[in-house]
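I opened this model to note down a few things that can be looked up directly in its coordinates. The entries follow in the order in which I went through them.

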Amino acid sequence: MNFLNKIRRAYRQSPQVETLQPLSSELRPIYAAADVHGCRKLLGALEQLIQADAKGFAGQPQIVLLGDMIDRGPDTAGVLDDLRRPLDLGKRWALRGNHEAMMLDFVQNPQPHGVWLVNGGYETLLTYGLALDPASLATLPRKRLGQMIAAHIPQDHLDFLTALPAGMWCEISGQTWVSAHAGYNEALGLQNQPLSALIWGHARPPAGPDIRLVQGHVPQEGIDLSGPVIRIDAKAYQSGRLCALRLVAGQPPKLISSQGPRQGTVIIGSKPATEGPRYGSR
């Protein structure tokens, strides 16, 4: 069993449960967006499109980011800077995804061969000005690695990630909509959701008409808006496309997308091709 599967198994066995937070849909459109993965420019462009679209409705827009705001893309540090600031118009919430969970686990217990590193962690550390590669990490004592991380990643970023909820829900036109990164266990209800279901997807998806789930986590080539589960992860860090789903009373769901150049992947040990590190040692 590889290390990533061990983490998934640990979350499946975890007794942690979450109560999903309610979100008011009265007179205001809701926009669920996923998975940003460090694509700061795409997120900024998407939020501008959302604010323009929301002018056709009463009230200000509410944006829910479905987790995995970090890793893989060119500017995780910049994304977290932006998410800690309020929107000019509207409100924004961010949910925890499996990448946020892996990063926090790694920061609490740094391992030179940690699973987070090979799943986008190297790219994230680079945006904080910490350029490491597997060979260099293998020679570092764990204590020294922890000191380097503490010197580069601002504590307020870690506090922000630690406080993220894992799911939200709202009622729209008599139907319950659940927003989560990876899944939802319909049998357990809104107040007793296993964390593993919400951030890793270890649950059967909703199958009936009463509950619809909006999630990221699973990259999609084409996005189907018709089923009980709507997956909107367009793999922004590779495709250059970031999607949001608009939910508003009296209208069917609508997809809104920001489009930019393909982000590509960051080459470990070098600067990102499109945006440089946001932080240096402090």
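**Entry 1: two helices.** At roughly what angle do the axes of helix α3 and helix α8 cross? Before answering I noted that this is a predicted model, in which local features need pLDDT of at least 70 and side-chain atom pairs count only at pLDDT 80 or more, while totals for chains, interfaces and linings use all residues. Residues are numbered from 1 along each chain as its sequence is written, and side-chain values use heavy atoms, with hydrogens and water left out.

I found that the axes of α3 (residues 76-83) and α8 (residues 155-162) cross at roughly 70° and come within 10 Å; axes here are lines fitted to C-alpha atoms, for helices over the stretch in contact, with angles from 0 to 180 degrees between N-to-C directions. That angle makes α3 roughly perpendicular to α8, a term that covers 65 to 115 degrees, whereas under 35 counts as roughly parallel, over 145 as roughly antiparallel and the rest as oblique. On the α3 side I listed A77, L80, D81 and L83, and on the α8 side H157, F160 and L161, where contact means heavy atoms within 4.5 Å. Sorted by kind, the residues of this contact are five nonpolar, one polar and one charged; Ala, Val, Leu, Ile, Met, Phe, Trp, Tyr, Cys and Pro count as nonpolar, Asp, Glu, Lys and Arg as charged, and the others, Gly among them, as polar.

**Entry 2: the whole protein.** I counted ten helices and twelve strands, both taken as DSSP runs numbered from the N terminus (helices H or I, at least four residues; strands E, at least two). Of the 282 residues, 52% count as buried, which is to say under 20% relative accessible area, with exposed over 50% and partly exposed in between (1.4 Å probe, protein chains only).

**Entry 3: helix α2.** I checked the span of α2 (residues 40-54): its 15 residues should span 21 Å at 1.5 Å a residue, and the end C-alpha atoms are 21 Å apart, which agrees. The expected span is 1.5 Å times one less than the number of residues. Among the buried residues of α2 I noted L42, L43, L46 and I50.

**Entry 4: aromatic rings.** A search of the whole structure gave me one aromatic pair. F106 and W116 form this pair, which is tilted, at 5.1 Å centre to centre and 45° between the planes; rings of Phe, Tyr and Trp (its six-membered ring) pair if their centres lie within 6.5 Å, with planes under 30 degrees apart stacked, over 60 edge-to-face and the rest tilted. Because F106 lies in helix α4 (residues 98-108) and W116 in the loop between α4 and α5 (121-127), the pair ties together parts that are ten residues apart in sequence. I found both F106 and W116 buried.

**Entry 5: loop residues.** P228, in the loop between β9 and β10, is partly exposed at 30% relative accessibility. Leaving aside neighbours within four places in sequence, I found P228 in contact with P206, A207, G208, I211, R212 and L213. H217 is in the loop between β9 (211-215) and β10 (229-231), and its phi is near 75°, a positive value in a residue other than glycine. K235, in the loop between β10 and α10 (236-239), also is not a glycine and has a positive phi of about 55°.
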